Amino acid sequence: MRKTRIAAVATALTAVIALAGCSGSADEAPTAGAIPTDEPITLTVWSWDGTVEAAVPGFEKKYPNITVDVVNAGSSTDEYTALDNAIQAGSGVPDIAMFEYFVLPFFAIPGKLTDLSVYGADELGKDYVEAAWGEVNIDGAPYALPSDYGPAAMFYNQKVLAEAGVEEPPATWDEFYEAAKKVRALGGDHYITNDSADIFLLLSLIWESGGRPFQVEGTDVKIDFTDEGTARAVEYWQRMLDEDLINTKITGWSDDWNRGLNDGTLATQLIGGWFTSTLPERAPDAAGDFRIAELPQWEEGERSGAENGGSAMAIPADAPNKDAAYAFLEYFTHGEGLQARIDEGAFVPTLSFLEDEAFLASTNEFFGDQAYNEVLASASKNVGTGWQYPPFFSWARSSYEDLSAPLYNSGEGTLAELLETWRERMTEYGNEQGFAVS
Amino acid sequence: MTLQTTSPLRRKRRPTTGLLFLAPFGLLFIFVFIIPILYSAYISLFQNKLIGGQSFVGLDNYVRLFKDPQFYDGAIRVVVFTAIQVPIMLLCAILLALAVDSLRLHGTRFFRIVVFLPYAVPAIVSTLMWGFMLGIRYGLIGNLNDALGTRFDPFAPETTMASIGIMVTWGFTGYNMLIFYAALRAIPRELYEAAAIDGATEMQVVRNIKLPALRGSLTVTVIFSIIGTFQLFNEPNILSSLVSNSGITSYYTPNLYAYTLAFTGSQQGYAAALALVMAAFTIVIAYIVQIRGMKNAFDK
Amino acid sequence: MLSTSSRAARRPTLHTVENPRKSPLMTFFVGLFALYCLLPMVWLLINATKSQTDFVSTFGLAFGGELALWDNIVGVFTFQDGIFARWLLNTVMYVVVGALVSTFLAALGGYALAKHNFFGKKAFLLVVLGSISVPGIALAIPQFLLFAQMGLTNTPWAVLIPSFINPFGLYLMWVYSSDAVPNALIEAARIDGAKEFRIFWQIALPMLAPATVTVLLFSFVSIWNNYFLPLIMLKDPAWYPLTIGINQWNKLGSTAGNGELIQNLVITASLITIVPLIIAFLCLQRYWQSGLALGAVKD
């Protein structure tokens, strides 16, 4: 890492923090202290990931004076709102909180998270999937540790595809296009997949194609949807929409979506690898029919990937017990606590895990006899690096949903136009919010 | 509305007793309402930036609000919705109250409970239920469509408001019905006996005794229905994640817009300004209705 | 309809004075409306009997392959270490304390507004009524910050204290006190030397019973279904009321990620949530038999 750059950015960041006047001790440089072993400490961990709980007993045994309280303070946005409120009020801030990768800049840039390099976290980079590590580093410093990961993969219903005459899972996007037409020809409500303005789906396609629409450096944000990689993905998806090959009437995570996967009218899902644990409960009738493959490629023989979801854990700047918090944080995202979580079904982006033979060989009867983890491990390592989210992505996402209605409801406009309008909105909002967006 | 009769209570009674009685409510009210709303007004004079924190901008938020097309979109929608949904709901409530009061129903007590039940159901539960009922793929409407060969979609952008209207009416008719029914029950029997002596028909009784008796409750229910409907939030909020392509945006109603601004967009000052403007607007409308209601009570 | 009874000795009867002829037509139309009200509940009941697998695979109004109602109920009470029972108790506590205190304060205040004279009465009433028009969102964040300053967030007080204020209840009690409590009675008691509070407690309050019960019931329902403010105030699931808990369970399966899909538990929990309200209504409804005057009746 370029040390002089870190120093410069750290100074700038400190200035920003001072200006922002955020409450709390962000203005003192954090120092790593030894964890006190005599006084009882209670750590509060906010996580909607159920596997974190599994790491608690081992940790509490190691540090008998520490009690870990894992609380579900809401899923995703609900938790981020709660955290922001708590920080603003100066009370109720947890020691560790869970963040999806895209929201880390939102909290890190205004200084609401602890820079973990003071604990030596910057040394841990080599143990993680490169792309995941890239996302927890904001302006060169690690603000979180990756906790789970979602390499984008294609989950496909083999039986339905076979019925449609598609014997092998599509390996390129051209093949995917052909397969889509065949599935559609099955009639009724059969589609190869659904998309109801799912920004993460579109971004994962752009990501895989090499597009990097967002470039963030400190508070400078550049947005551009016209670079080659982005344009390629956008054109492709536009064609799929135009030819009615995508079901635009089903929203992911809704009841209809569950049923569509269950009865086979949705033949595939282009989604993150973590989907393995929840798909079986959503599509019980399709047990044994689903398989997993890497995302179709743009060129035959290429190996590139993208991410669709995943989360990291960070320590808020106002956390009450930072030293103890880091001990637990490292324990369950990097250290001995990982195994307990993996046994519960977590998919973690540590290289040791992805190369573990037992893991790679495991099968699940829902996916037939496929050693699907090999696919996912390979997909994880292929995820393209250099991706960044803008710091106001939560807002941008809801803005995208508003803007996409005419296109997805009534076919007005094109995806490219939609992205351009979105870019304009984001530029306006970002500048208003104090960033320098261009 | 009954006017406060100036009762001949002797003034030398310590006037502070009344204040003392009111004090518990009053003090809590100040704490729970007055202080927050003053603080809210204070916040509305500031702008919040992710980088740069809070800065004083005076009335800028209000100026911006009046030029904001998303605000008008939501506000107009909510006004139109209220103008249609409230009369329909209250008409149903009155008819039901009259029907129940007439004792000409089989199973009066059963109907009374059943009609009130929807009010007792929390919004999250009722939206789930209606989301299913009105689903076009796996819901009841889907089945109806198949049976009749139609392609009706209750959650297309054109029809979403109507569907929300169905849900809101479902939830609140019973509540309003009870208010009307209580008023009807309080009509003194002598009036009916006098009408019987005069040989009045049932229709005449309804028109001359029952309906006038409902005037006061009608004013009350209209006002509170308007206030409640202007604040429409739960249904659009929950539906937006249940159904796709419904046209529900993050600024669909003013309350939803304020929520998005405050919690997703980190623009709390602007959200506070929006909420206060809506509150003022609601109060004005409620006041106008109140005046008209009182006027009607006067020229009987 | 004048009932042409052959027992001509009676006066011509009117429908509310005597048992009138039942109208099948009217029953039919009201029945349609009742169907409209009941259908979603029927859906709730049917789906509470299905397991998760059946729920996803079967049509909404059909029963599943197995009757899983008991399993679902057990599931609801054991999921996440039995936190549902805690939520149930929390809600009962919030409601009982909140409804009782808020109704009492509303009665006390409404009576004072109706029967006592003091400075600023009109203004106070106007402000209180105006407060109903203010969207909750305008108050939520300031209330949160205020309560946080006092260390009350994440405690039951954060839910209870705001619930003690019932502006609509105050209004109802004011109107009803004006109408139903005769001044003469109060005067007589004063002449006898009774203290003001005693007059309120022993004379006025019993006469206000139907209104008090109405306010109690509406307040019960409103606190039971309270969602927005507790959502912001509480972050510790141990203090959640049922609405927030159920919503959180629902969000588990409907947000991207690895949350569990427990639609069957959400539905069964919703059913369980409604039952106490129905019971409360059934118990309190006889008060409506005894003439209730809300708003203007005698003009």
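Predicted model: local features only at pLDDT ≥ 70, side-chain atom pairs only at ≥ 80, totals over all residues.
Trainee: What is in contact between chain C and chain B?

Mentor: Contact means heavy atoms within 4.5 Å. By that rule, 108 residues of chain C and 107 residues of chain B take part.

Trainee: What area do chain C and chain B bury between them?

Mentor: About 10,300 Å², with 75% of it on carbon and sulfur atoms. Buried area is the accessible area (1.4 Å probe) that two parts lose on being put together, summed over both.

Trainee: How many residue pairs are in polar contact between chain C and chain B?

Mentor: Eight, both residues at pLDDT 80 or more. A polar contact needs N or O atoms within 3.5 Å; within protein, one must be able to donate a hydrogen and the other to accept it, and residues adjacent in sequence count only through two side-chain atoms. On the side of chain C that touches chain B, helix α1 (residues 24-48) of chain C gives the largest share, 14 residues. Helices (H or I, at least four residues) and strands (E, at least two) are DSSP runs, numbered from the N terminus. That side of chain C has 73 nonpolar, 26 polar and nine charged residues. Here Ala, Val, Leu, Ile, Met, Phe, Trp, Tyr, Cys and Pro are nonpolar, Asp, Glu, Lys and Arg charged, and the others, Gly among them, polar.

Trainee: What makes A:E432 and B:R64 a salt bridge?

Mentor: Their closest N and O atoms are 3.1 Å apart. That is within the 4 Å limit, so the name applies. The rule finds one salt bridge across the interface of chain B and chain A.

Trainee: What else is known of the interface of chain B and chain A?

Mentor: The buried area is about 2,600 Å², with 48% from carbon and sulfur atoms. B:L50, B:I51 and B:R137 lose the most area on the chain B side, together 28% of what that side buries. Nine residue pairs are in polar contact, both at pLDDT 80 or more.

Trainee: Why is the pair of B:Y119 and B:F172 called edge-to-face?

Mentor: Rings of Phe, Tyr and Trp (its six-membered ring) pair if their centres lie within 6.5 Å; planes under 30 degrees apart are stacked, over 60 edge-to-face, the rest tilted. These centres are 5.8 Å apart and the planes at 65°, so both conditions hold. B:Y119 lies in helix α4 (residues 108-120) and B:F172 in helix α7 (residues 160-185) of chain B, so the pair ties together parts 53 residues apart in sequence.

Trainee: What makes C:F220 and C:W224 a stacked pair?

Mentor: The centres are 5.9 Å apart and the planes at 10°, so the pair is stacked. Being four residues apart in helix α10 (residues 209-224) of chain C, C:F220 and C:W224 are about one helical turn apart. Both are buried.

Definitions and conventions: Residues numbered from 1 in each chain as written. Chains lettered and ligands numbered in written order. Heavy atoms only, no water. Salt bridge = Lys/Arg side-chain N within 4 Å of Asp/Glu carboxyl O. Buried < 20%, exposed > 50% of the residue type's maximum accessible area, 1.4 Å probe, protein only.
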